Amino acid sequence: MLDRRPQRRLPPRIATPEFWPATFDRFDEILSTASHCQIEHIGTSAGGRALHGVTYRGRSGAPTLGLVGGMHGHEPQGPATCLNVISVLGYGRDLKGTAWPEIVDDLNYVIAPVVNPDARARMPNSFVGLARQDILHYDAGMTLEGVRHEPGNEDCDPAQMMILGGLFNDAGQHVNRETDPDNIRSPEIAALMEFMGDHEPDVVLEFHAHGAPPMLIRPTNLVPDEVQARQQELCDAIIAKATAEEIEFRPTAPESTHISTSLYHHFSGAVPILYESPQGVLDAGPAWSHEEILDTCMFVVSCLCEELMG
Ligand SMILES: [Zn+2]
């Protein structure tokens, strides 16, 4: 008897540098040796994978920075950056040996490195050197007929997908579109918001990526005006510093009114900020290498540390 159940396509494994951890064996290796951090099991994904929360305790009474990676599986630079920050906090250098003096151990850090592990497990390790079209095969996924799924804001039915997109957990829930704090449905967002609520970070930076130059986004649903003013101030400071250092950056930070990122404010009081780093595809302006992509992410973290240290 032939098995007629839908066959899920496996991700191609693209060779990536050591400083770009994108697989669970590497995540486990780095986290299991990070004795300078506390690692908590904060929940379990729809697909049964462990969700980890990492905390680093700085000077007593110091501000707290939150970092969230891997909301979308096809954006591996987020988890990679979180693990590089953990390296800086333990050893003074990131995984390729670069020092980031602004990422100081005076601050407290609350880190969810891979918040949607189901999606990370299905996705390639990198899109560097590929084309924008290659991302489109993965982001929203591909139907059994081999046609790109139309993303929208809805959940999707995993049984209908040849590639279940990087936007979704294994139950097909569109995790980053959960915007009702009274009706959180996915185990990932529920665990993440509880974790952030327990630690009350001052700012939460959520990592994303797109086929375009670096861009900050201001999530504004449920975020009051005075918090939006602080959000704008922080984005302006990062953009001004990027301009001064001649890092290509979108000069304005558009708002988004329909993403779960804003819920950090609702659940923890934090100022929510979203960073879209380049994916490194070849048809989106100058090519970005793994090193340059990681450095833009670390640069944004550095700027926020500097702002929090005042
Ligand atoms: Zn994203």
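In the hairpin formed by strand 1 and strand 2, where 5 residues lie between the strands, Gly-48 adopts a positive phi near 85°. Helices (H or I, at least four residues) and strands (E, at least two) are DSSP runs, numbered from the N terminus. The structure is a predicted model, for which local features need pLDDT of at least 70 and side-chain atom pairs count only at pLDDT 80 or more, while totals for chains, interfaces and linings use all residues. Residue numbers start from 1 along each chain as its sequence is written.

Strand 1 (residues 38-44) pairs with strand 2 (residues 50-56) in the antiparallel sense over 6 bridges; two strands pair if DSSP finds at least two bridges between them. Gln-38 has Thr-55 in strand 2 as its bridge partner.

The protein contains 8 helices and 10 strands. Its radius of gyration, 18 Å, is close to the 19 Å that the globule rule gives for 310 residues, so the protein is as compact as a globular protein of that length. The radius is taken over C-alpha atoms, and the rule is 2.2 Å times the number of residues to the power 0.38. Along the principal axes, the C-alpha trace spans about 65 × 45 × 40 Å.

Of the 310 residues, 51% are buried. A residue is buried if 20 or more other C-beta atoms lie within 10 Å of its own, exposed if 12 or fewer, and partly exposed in between, with C-beta atoms placed from the backbone. Contacts are defined by C-beta atoms, placed from the backbone, that lie within 7 Å. Among contacts with a separation of 6 or more, 74% join residues 24 or more positions apart.

A nonpolar core is a set of buried Ala, Val, Leu, Ile, Met, Phe, Trp, Tyr and Cys residues joined through C-beta atoms within 7 Å. The largest has 68 residues, and Val-203, Leu-205, Leu-216, Val-301 and Leu-304 have the most contacts inside it. Helix 8 (residues 290-309) gives the most to this core, with 11 residues. A second, separate core of 14 residues includes Ala-119, Val-128, Cys-156 and Phe-168.

Ala-140 is located in the loop between helix 4 (132-136) and strand 5 (141-143). This residue is buried because 23 other C-beta atoms lie within 10 Å. Beyond its neighbours within four places in sequence, Ala-140 contacts Arg-148, His-149, Glu-150, Pro-151, Gly-165 and Leu-167. A distance of 29 Å separates the C-alpha atoms of Ala-140 and Leu-31, which are 109 residues apart along the chain.

Key
Two residues are in contact if their C-beta atoms, placed from the backbone, lie within 7 Å.
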